[in-house]
Amino acid sequence: MSTDFDCSDIDNHLGKTMDFSPLREAIAPNDIRRWVHAMHYANLAHFDPEHITASVWGRHVAPQSFAIATDDGHGAAPACVGRIENSHLLFGGDEWWFYGPRIEPGDVITNTRIPFDYKVKETGFGPTCFQRGDNNYANQKGEKIARQRSTSIRYRAEAGGNTVNTEEFEEPEWTDAQLEEMEERRFAWVKMLANLGNKERWWDDIAVGDQLPERVFGPHSIASFATEWRAFIVNTWGALDLRKQDLEGLGFTREMAGYENDPDMMKVNPFLTDGAYYGPSRGHLFPRFARRIGMPRGYGYGASMGSWVTDFLSGWAGQHGMVVHSVANYRGPALTGDVTIQTAEVIDRSVDEEGRHLVHVKHLMKNQKGTTMCTGTAEIALPKKPA
């Protein structure tokens, strides 16, 4: 391992609680509506008044994926501590534990963030640091909502530009017929959500080997990625009481550091504080910066990809079910022009120590070319039919 890729400063932060940026106002109904819209999650129970009233909850609740929308760093902050000189960062994956309480309008969410661990491996980027950190989300009542263990991938800045795949610079061309066929496949999953409605999906009816209904959405675009970006509450000026952070101090290059969410600069020139245009997130929306960190063109957010996994599984589970644990390993990005296809297979059933009836699944995310984007497993609690 190269000695000039020094990650030892991370040791000074492990196990220590970090600061966070509190919400200035309680969660509003439109925060939730904006989220499900941006995440392509057409579940009427989270945005339509008639279906909200008729839902199992009888009130407006957020989808399980919403917790991350309340954080100031898309969940990555505790997985990005310590200086690594002249480095870039990509999201590597997430592990989630959900405890039961749902976020709803009027809630004020806090996040206790603790860096967890790291290890250095050789990858296609050369020496690479896989760093993990925990986000612990709770509401104003002190109820635990979820824990997210986020993984970041940190590597030498020059390695990104040196490894970019030039054959992927151009977006795929879609014919009208192909787009129509894709639209039908996307609508099939939406109809599944509507047909299930507020009914139970019974644990008793699920068998090992069952395939979950396919979920398809896209093609992704700069516009769809920008819509996702705006749904994270922190990315609206003044929405959070922002903490001060030093991105150059973490080792990011000047062009990718900038003043993202800098509370002092926001009072001087707020345009410079939006990382989507200036700073670490600009690669998502601008191909020339994407190529400097190893991506061939505009690409999606790791935090959004994790939310797609949670929505895919919880949408299938229905209002009586819940994702209790999931692992998502990000293997490739959602690129502009590509379509995302999600599938999953039931690999086991069990009853845990709490008496919950669980369905174990192996999930997979690919694009239209069959390139793997995400792999993982999950446990989903479903109701059991009355005896």
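## Strands β8 and β9

In β9, Ala-381 is the bridge partner of Leu-358, and in this predicted model the two strands β8 and β9 pair in the antiparallel sense over nine bridges. The hairpin that they form has four residues between the strands, and Gly-370 in this hairpin takes a positive phi near 90 degrees.

Strand β8, which covers residues 357-367, is largely enclosed by the rest of the structure, because eight of its eleven residues are buried. On the strand β9, which covers residues 372-381, Cys-374 is buried as well, with a relative accessible area of 0%.

## Neighbours on either side

Strand β8 also takes part in a hairpin with β7, in which five residues lie between the strands and Gly-355 in the turn has a positive phi of about 80 degrees. Eleven bridges join β7 to β8, and the two strands run antiparallel; within this pairing, Glu-345 has Lys-362 in β8 as its bridge partner.

Strand β9 is joined to β6 (residues 322-330) by eight bridges, and these strands too run antiparallel. Here Met-322 stands opposite Ala-381 in β9, the residue that is also the bridge partner of Leu-358.

## The whole sheet

These strands belong to an open sheet of nine strands, whose order is β2-β3-β4-β1-β6-β9-β8-β7-β5 and whose pairing is antiparallel. The edges are formed by β2 (110-123) and β5 (215-217), each of which pairs on one side only, and the twist from one strand to the next averages 20 degrees.

Helix α4, made of residues 176-196, lies across β5 and β7 (340-351), and it runs at about 130 degrees to β5.

## Aromatic pairs

A search of the whole structure finds ten aromatic pairs. One of them is formed by Phe-125 and Tyr-155, which count as stacked because their ring centres are 4.0 Å apart and their planes are at 5 degrees. This pair links distant parts of the chain, since Phe-125 is in the loop between β2 and β3 (126-138) and Tyr-155 is in strand β4 (residues 144-156), 30 residues apart. Phe-125 is buried, with a relative accessible area of 18%, and Tyr-155 is buried with a value of 0%.

Trp-237 and Phe-271 form an edge-to-face pair, with 5.5 Å from centre to centre and 85 degrees between the planes. Trp-237 lies in the loop between α5 (222-231) and α6 (254-257), and Phe-271 in the loop between α7 (263-268) and α8 (287-290), so the pair ties together parts that are 34 residues apart in sequence. Trp-237 is partly exposed, with a relative accessible area of 47%, while Phe-271 counts as exposed at 57% relative accessibility. Elsewhere, ring pairs link Trp-35, Phe-66 and Phe-232 into a cluster.

## Charges over rings

Two further contacts involve a charged side chain and an aromatic ring: the charged end of Lys-144 sits over the ring of Tyr-99, 4.7 Å from its centre, and the charged end of Arg-149 sits over the ring of Phe-116, 3.6 Å from its centre.

## Cysteines

A disulfide is a covalent bond between the sulfur atoms of two cysteines. With a cut-off of 2.5 Å between the sulfur atoms, the count of disulfides comes to zero. For Cys-7, the closest cysteine sulfur belongs to Cys-129 and is 4.1 Å away, which is too far for a bond. Cys-7 itself counts as buried, at 6% relative accessibility.

Terms used. Residues numbered from 1 in each chain as written. Predicted model: local features only at pLDDT ≥ 70, side-chain atom pairs only at ≥ 80, totals over all residues. Heavy atoms only, no water. Pairing = 2+ DSSP bridges. Axes fitted to C-alpha atoms, helices over the stretch in contact; angles between N-to-C directions. Contact = heavy atoms within 4.5 Å. Buried < 20%, exposed > 50% of the residue type's maximum accessible area, 1.4 Å probe, protein only. Phe/Tyr/Trp six-rings, centres within 6.5 Å; stacked < 30°, edge-to-face > 60°. Lys NZ or Arg CZ within 6 Å of the ring centre and 35° of its normal.
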